[in-house]
Amino acid sequence: MTVTETSPSLIATLPGTAYTDEAVFAAEQERIFEAQWFCAARSSDLTGPGSFRTVQVGRESVLLTRNRKGEARAFFNVCRHRGARLCTEESGEAKRSFQCPYHAWTYDFDGKLVAAPNLTKMPDIDRVEYGLATISVQEWLGYIWVCLAPEPPSFDETVRSAVVERLGDLESIEAYDVEHLAVGRRIVYDVKANWKLIVENFMECYHCATIHPELTEVLPEFADGYAAQYFVGHGAEFGDGVKGFTVDGSEGLERIPGVSEDQDRRYYAITVKPQVFINLVPDHVIFHRMYPMAADRTVVECDWLYLPGVVESGKDVAASVELFHRVNQQDFDACERCQPAMSSRVYARGGVLVPSEHHIGEFHEWVQDKIAGAVPSAPTA
Amino acid sequence: MLPVCPLSSLAPGEALRVEADPPIAVFHTEDGEVFAVDDTCTHQDASLADGWLEGCEIECPLHASRFDLRTGQVDAPPAKKPVRTHRVLVEDGHIFVELSADEPNLPPGVSVAGQAATGGPL
């Protein structure tokens, strides 16, 4: 940071160009989204062998599936022959294999090249070497995480550690048994804003009392502007008379059995850089994944996860979903309100962070450190 | 008789391509039966050993033609001609194949050694 604010209360944000510049976004795609662990899909989205999803990770299209043993697999969605996009659908079920529609190069669910016209006449072709290019995969919390780097960073030190940093330990999240919860509702938001605006928004609660009346009603301490993410291990307590984490404070759903007395009637929020937000409440978990598509566009996929029995019995989760759906809409509206102004001359040097937002500065330093040297004329804050 | 491999080294559900002229494919079904057919699909050059084995049926990995391993008959197009079958013997835990004397039904462009290939590059 080269700009010195004259008011000690304030520290600088990133400059406006960090949110609009194509070169900055390209560097983030390469150095962040293609280099870090990226939460790509819910494990249950892939129901069995050949069930697939395609997702955008950085600049690449990634094909997610399960092999015949049911293990999650991820590949670059590119035919090794002439480069045709192998799967163009967002999701589906491949029956036997992935076959390129161009020349019928055919790959099994482990990515191996199993057939191609006249392949038997070319016995020198190594079927693994010319199989689909493989991407590292981890399954954790019932999600499929991928890393496009040839040598991924430690999952413990980059993903699990983010949870420990927030909650104090891993047991605190294990109590919610996120892996075995069922998707009660999924909403996908197409947000016309840079991904960093969304992260920053999620990290602070200075805006809560202004734009989240329903949330502040349920979590009165949010009115002081300090987010649940500010203090390690602290969960915001439900207000007196609030029965559950619902839009009107009415009774929630069945409590997750592992949730401790200390965790009951509390809300915990976790940011796993670069693109995951997790919210824990006693009866459900709200799990956000961001898919940055362009400097000014981010797709956010949000799951509301409940005990399987709650989902199977068809219980009404509407009041429960509605609370955070409103929060999401309020937040994304705010982010979309900021995006156009990022290119204003007034914001060329960026804006400021008040003390309850100062921890966002660490996120900015993390981003700048990751992309250092990758942007030819990198703007500095 | 062509010795193939010990039965124990070909797990149920697996297939093996055996280099012969033309190559043959040996299948060990989930039910424990062993079958042998010409490895090359009669529709286009592709290895049936790389196909999808289900019951006594093999599906070609390239265009999903299906053949009955017991008779070689086509169960699903685009293949039109049956695939030649070979007799299998399992003796002392070892798989042997007795190669058929019938004419193989090979796809365009594929021939046995010593014969001119029919068809050619586009």
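**View 1. Glu54(B) in its strand.** In this predicted model, Glu54(B) sits in strand S5 of chain B, a strand that covers residues 52-54; helices (H or I, at least four residues) and strands (E, at least two) are DSSP runs, numbered from the N terminus. Glu54(B) counts as partly exposed because it has 13 C-beta neighbours inside 10 Å, where a residue with 20 or more other C-beta atoms within 10 Å of its own is buried, one with 12 or fewer is exposed, and one in between is partly exposed, the C-beta atoms being placed from the backbone. From Glu54(B) to Val112(B) the separation is 58 residues in sequence and 28 Å in space, C-alpha to C-alpha.

Residues are numbered from 1 along each chain as its sequence is written, while chains are lettered from A and ligands numbered from 1 in the order in which they are written. Because the model is predicted, local features need pLDDT of at least 70 and side-chain atom pairs count only at pLDDT 80 or more, whereas totals for chains, interfaces and linings use all residues.

**View 2. The sheet of chain B.** Six strands of chain B form an open sheet in the order S1-S10-S9-S4-S3-S2, with antiparallel pairing; two strands pair if DSSP finds at least two bridges between them. Strand S1 (2-6) and strand S2 (15-18) of chain B stand at the edges with a single partner strand each, so one side of each is left without a neighbour in the sheet. Within this sheet, strand S4 (residues 34-38) and strand S9 (residues 85-91) of chain B pair in the antiparallel sense over two bridges, and Val37(B) has Thr85(B) in S9(B) as its bridge partner.

**View 3. The sheet of chain A.** Strand S10 (residues 134-140) and strand S11 (residues 143-147) of chain A run antiparallel and are joined by five bridges, and here Trp140(A) stands opposite Tyr143(A) in S11(A).

**View 4. Where the two chains meet.** Across the interface, 10 residues of chain B are in contact with 11 residues of chain A, contact meaning that the C-beta atoms of two residues, placed from the backbone, lie within 7 Å.
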